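Below is a short note for a colleague who is meeting this structure for the first time.

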Amino acid sequence: MQKILGKRILRDFKDNLPRYLALGVMVVLGMYIVISLVAAADTIIMGSADAAKAQSVEDGQFSLFVPMIGMERQKLEETGIIVEEHFYMDYEAEDGSVLRVSAIRQKIDRARADAGRLPERNGEIFLEKRYCEEHGIFTGDEIWIGGHFFTVCGIGTSPDYDTPYQNLSDSAVDSSQFGTAFVNSPDYELLKEEGCSMKSEEYVYAFLLNNKLTDKELKELLQDFALSANDLDNEYFQEYWERTGGRLDDNFDTSLSKLTQFLTANNNIRIGGAADDVVINKATGLFAGVLLIILISYVISVFVVHTIERESEVIGTLYALGVKRTELLLHYMFLPVMLTLVAGTIGTLLGYSSFGVKMQMQDVYHYFSIPDFPVAYKLYLFVYGIVMPPAAAAFTNLLVIHGKLKKPVLALIRRGQKNVRTRKVNIPNIGFVRTFQIRHFFREKRTAATVFFGMFLALLVCMIGLNCYVLCEHIRTDSVADTRYEYMYTYKYPQETVPEGGEEACGIMLKKEVLGYNLDVTLLGIHPDNPYFDASVERGQSHVLISSAMASKYGLETGDALVLNDEENDKSYAFTVDGIVPYFAGMFAFMEIGSMRELLGEKEDYYNMVFADHALEIDSGRLYATSSKAAVEKSAAVFVEKMWSLIIMMVIVSALIFVVVMYLMLKVMVDRCAASISMMKIFGYRKKEIRKLYLDGNLVIVAVSAAVGIPVSKALMDAAYPYMVSNVAVGLNLTFDWRMYAGLFVSILILYLISTPLLMRKVNRIPPAEVLKNRE
Amino acid sequence: MYLEVSKLKKSYGEGGSFIEVLKGIDLSVEKGNLCVIQGTSGSGKSTLLNGIGGLDQMDSGSIRVDGKEICGLGQDGLSDYRRKNLGFIFQFYHLVPNLTVKENIQVCEYLSEHPLDLLELLETLGLTEHQNKYPSQLSGGQQQRCAIARALIKNPRLLLCDEPTGALDSETSQDILVLLEKVNKKYGTTILIVTHNNSIKNMVDQVVFIKDGKIQKNYRNEQKVPAAQLEDL
């Protein structure tokens, strides 16, 4: 019997081809975007992890004032850890960009060639790939560095510069201005001897702990590597040392140690950036996928219910003849399950094709310095893309069809003869057309609810893209608008007096966990009348004001308790939030500078940061970092740029899905009225009049659905969004401008009006004899 | 007796809307008989047929078909009962619109282990030339013939017809009745016809009149007239 009914399936498919095609396209699009996004993210995450393992990525690194002596090295080696020199020097290339040159590594952070090979002979150089892409350099080319020509023997990556920031304080990567390079050891020594580097050699050591020591134990060991102040010829250090009586700033131990910096891989912004970056894409993709599957299941269930209701008498008759419920259940499930299976498979294959996963990875490859990873084919994604849609369709159908087919045989057979109970609604005298539309609405209120729910689910998918857009847009605009300073200087060796024109501040970097991610928060001591932050801080060591970015990210409000952790020194600071400062450019907690100095045990004139509205004359040797408003602007723009393709894709695909869903739902509404419309035609109503009666009333339903659906879906998505961007240390300003709400509302109405001719065509095709045919 | 109905009761509604449709029906039909159940609208004739067909649960009483009690069977049991024993013909044909005549019949062919020969049945019912047409391409009479073929293909022992000519003109009605008579003779099928058409009683073996939920008359028709000779249909 299934074989015979199978013929009906094929004919039903042909008869309703536009509907099934629309549904299929929706599944294909949905699975394409989900699979491509998530597969790209998985490829980057897995590829980065594999590359890190294959290239022996460091567990961390430390910098020393002077290189280790033999005894110190022996002491470290005895612990069983591996330490390797990663000394480097920066050179200015011919175009003014900076190349950071190191000797080729043997044990840790080994370079990997995408093209060519590693340097083997003198005069050969291996360059980082993003720098080469920006400068159009290929293997075999020659470049001029430190007074020598080098032949580019290879181009590739090293895992310690996956995100090639020049300085750890940088907020954006600029591969047109900075790249890394490796030469063999003799060439490195030669360059060092000639002394043409931009600044002195940096004594960086990378380490692998091999489970022999913890970070903390290693750091303590390194802090014992003592140094005589006289060994250092750094004038700023000497001046600061004399003035402070032997106290370096809070990042260092009070005794004079060789250690200038200790950085674990987890805290190194240059390592694992690509994988971290795509976490948001993966979360977005999976979340969108769940919504899409719910939406698809819902649309299918509406179709099936409609079909079963239409064929109720036939089903009842077949029951009466002995056909079993299970047989019909399987029959009605077959088409939606097969359709979603085929469409899901196509979507998944498209997602894994060059138009999918590889395209999605382009943004990452254009920003991060990572090898060309082979596409990761994960079983769960195949299950997600191929099995989930039909499984969801089968499950939904099972629930819906089972309920419908459970009706008594007679109830099914007599569907057309039953009396429909209608609610008694008194309508004032508002003319026949309006009255008819209202009556029609009450009669079809369940279908109206179906349209609303379908639109609402499609709006949720839309909101993922739109929220992503506004988040990026707010980061771009708010960060710049809220940054009132032109320059922010962070000191290594502060001057005795604050440079003229500068506003002193005292800052330390602390950590706070949110949704499983431990993010940086700056605790900033400022004067109440400082011109750069609207923070009227008051004295008190346990009270802070927080930036609005921080408040939104951590869900904090005035009066809440706030605990910030100093992981370097194993300390925690507890505060009460006294207020929220309108500042979206970063995660900041503000306190009065005097109280902050007391909290840190510093002198009353201590400062380590200076803000200014113009460039100050500060010797660069005193500084850790200089940040400018331009840099903030640039990093915000980069953030938006990285997300742009995701936004565009999400918005376009979700808009397409929205149109398809709205059309399909409204078409079901028209189908349900077919008998009634044909009756009107028999009465002599003209097309325009029928349109007024049956379609114009839908505009109200669509408008009401949009008016309710937009704010509700927005509120739900706002609640879900923190989980999707939990790894990103940015404020979550997801506020829609009123014009955006209005634009969205009007767009939906326009989409409806565009789809009206299609619906009208459907109405026009309903023959006047339809009502007779149904009654036979 | 092939069919035995005893003290069958059925009511609908509660309180003010309570209505007792069948008030203790007793009825027997012999195997291979052609039986008509007549009555005015609302008399309970269709309810009785639905009860015999296992389409509606009865309040009390007994229905035995070929010695087997069907009152009290669950949905699955009723489904099996219908599958093995019954053929149904309704006033409205309820054919699957996007299956051809032949395919509509084949839907039920697979329900039986010993179906009738499809081609022979098509021939018997005059559907051979229409077998590849869709229901929408057929006249009402042709559609009803298709519905009869669908009901007969699984070779049911009991054929229940609810107003089988209710939607047809008199000429087509006669054709259908001739067919039912032919089926009754050829296959020995016991046939129950519910109708309010008074002429049909002349062609059957047994006539049952129902009024207000009770059997008013139940007699054997000793002067059967062939369906082809019926008048005033």
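**Notes on the predicted model**

1. The centres of domain 1 of chain A and domain 5 of chain A, taken over C-alpha atoms, are 50 Å apart. Chain A is split into domain 1 (1–57 + 277–419), domain 2 (61–85 + 202–270), domain 3 (88–195), domain 4 (431–483 + 629–776) and domain 5 (496–617). The bounds come from an automatic or database domain assignment.

2. The model is predicted: local features need pLDDT of at least 70, side-chain atom pairs count only at pLDDT 80 or more, and totals for chains, interfaces and linings use all residues. Residues are numbered from 1 along each chain as its sequence is written, with chains lettered from A and ligands numbered from 1 in the order in which they are written.

3. Between the chains, 20 residues from chain A and 26 residues from chain B take part in the contact (C-beta atoms, placed from the backbone, within 7 Å). On the side of chain B that touches chain A, at least two residues each come from helix H2 (75–85), strand S6 (86–89), helix H3 (101–109) and helix H5 (140–152) of chain B. H3(B) gives the most, with 4 residues. Helices (H or I, at least four residues) and strands (E, at least two) are DSSP runs, numbered from the N terminus.

4. The axes of H3(B) and H5(B), lines fitted to C-alpha atoms over the stretch in contact, with angles from 0 to 180 degrees between N-to-C directions, come within 7 Å and cross at roughly 30°. H3(B) is therefore roughly parallel to H5(B) (angles under 35 degrees).

Note on methods: Contact = placed C-beta atoms within 7 Å. Parallel < 35°, antiparallel > 145°, perpendicular 65-115°, else oblique.
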